[in-house]
Amino acid sequence: MLPAAPRPFVVHSRGPEKENSMDIPTERKLYDSASAYYRGADILMKQSSSAATSHLLAQPAVTCAALSLKLYLKCLLNLEGKDKEDKIYRIAELFRSLSDGKKMAILKKFGEFSNAELSTDELQSHLASLDNAFVRWRYIHEEDARNVNLEDLEEMILATKATINASNPDWGE
């Protein structure tokens, strides 16, 4: 006898009260999506720190974390009225495209989360190492993935999210 089929799982992007996604600004969709990927990465990172199979969880954790950072940066760019055509894909280029004010805000927040002071150039070098991490780690079987410092990646995600929340406090969780 076959096991019972799973019950259908219905997902609403912002809850059942907001079913019409046309009413949600692109910036908020990017933010919500980035937050969801970050939550997934966080769950996987916590599991991988205690699981005997941690090497199996690293790949989806890095993939989710890299996509989360990318989406938070795209959200910031959209809030600034940039990248509306969605033509920027690399994490370092997304950061480079931000206004100087947003870059400095992220640098300040990154320093608070990491207890490290970096210059804009040093941070861009960090971000360049994450370029295409989403693709490299998603297809880890096809090519060698570079090493990724998950702690740095998480601190960058938190810094970028905090920068968004500073101007959109009602978006915070």
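Two rings of Phe, Tyr or Trp (for Trp, the six-membered ring) are taken as a pair if their centres lie within 6.5 Å, and the pair is called stacked when the planes are under 30 degrees apart, edge-to-face when over 60, and tilted for the rest. With this rule, ring pairs join Tyr31, Tyr72 and Trp171 into a cluster. The structure is a predicted model, in which local features need a pLDDT of at least 70 and side-chain atom pairs count only at pLDDT 80 or more, while totals for chains, interfaces and linings use all residues. Residues are numbered from 1 along each chain as its sequence is written, and side-chain values use heavy atoms, with hydrogens and water left out.

The pLDDT, which is the predictor's confidence in each residue on a scale from 0 to 100, averages 79 over the protein, and 73% of the residues score at least 70. Helices and strands here are DSSP runs (H or I over at least four residues for helices, E over at least two for strands), numbered from the N terminus. Where pLDDT is low, the predicted coordinates should not be read in detail.

A search of the whole structure gives two aromatic pairs. Since Trp171 lies in the segment after α7 (150-167) and Tyr31 in helix α1, the pair ties together parts that are 140 residues apart in sequence. Burial is judged by relative accessible area, with buried under 20%, exposed over 50% and partly exposed in between (1.4 Å probe, protein chains only). Tyr31 and Tyr72 are both buried; the relative accessibility is 1% for Tyr31 and 11% for Trp171, which therefore counts as buried as well.

Side chains of opposite charge can pair when their charged atoms come close. Counting a salt bridge wherever a side-chain nitrogen of Lys or Arg is within 4 Å of a carboxyl oxygen of Asp or Glu, the model has six salt bridges. In one of them, Arg28 and Asp32 meet at 3.0 Å, N to O. These two residues are four apart in helix α1, so about one helical turn separates them, and both are buried. Lys46 and Asp42 are likewise bridged, with the closest N and O atoms 3.0 Å apart, and they too are four residues apart in helix α1. Lys46, at 54% relative accessibility, counts as exposed. In helix α4 (residues 100-114), Lys109 and Glu112 are three residues apart, or about one helical turn, and their salt bridge has its closest N and O atoms 3.7 Å apart. Both are partly exposed, Lys109 at 26% and Glu112 at 43%. Salt bridges with shared partners join Lys108, Lys109 and Glu112 into one network.

The nonpolar interior is described through its core, a set of buried Ala, Val, Leu, Ile, Met, Phe, Trp, Tyr and Cys residues joined through side-chain atoms within 4.5 Å. The largest nonpolar core holds 37 residues, of which Leu69, Ile106, Leu123, Leu127 and Met156 touch the most other members. Two or more residues come from each of α1, α2, α3 (91-96), α4, α5 (120-130) and α7, and α2 gives the largest share, twelve residues. Not counting residues up to four places away in sequence, Leu69 touches Ile91, Leu127, Leu130, Leu153, Met156, Ile157 and Thr160.

Helix α2 also holds Asn78, which is buried with a relative accessible area of 6%. Beyond residues up to four places away in sequence, Asn78 touches Thr26, Glu27, Leu30, Asp83 and Lys84.

Terms used: Contact = heavy atoms within 4.5 Å.
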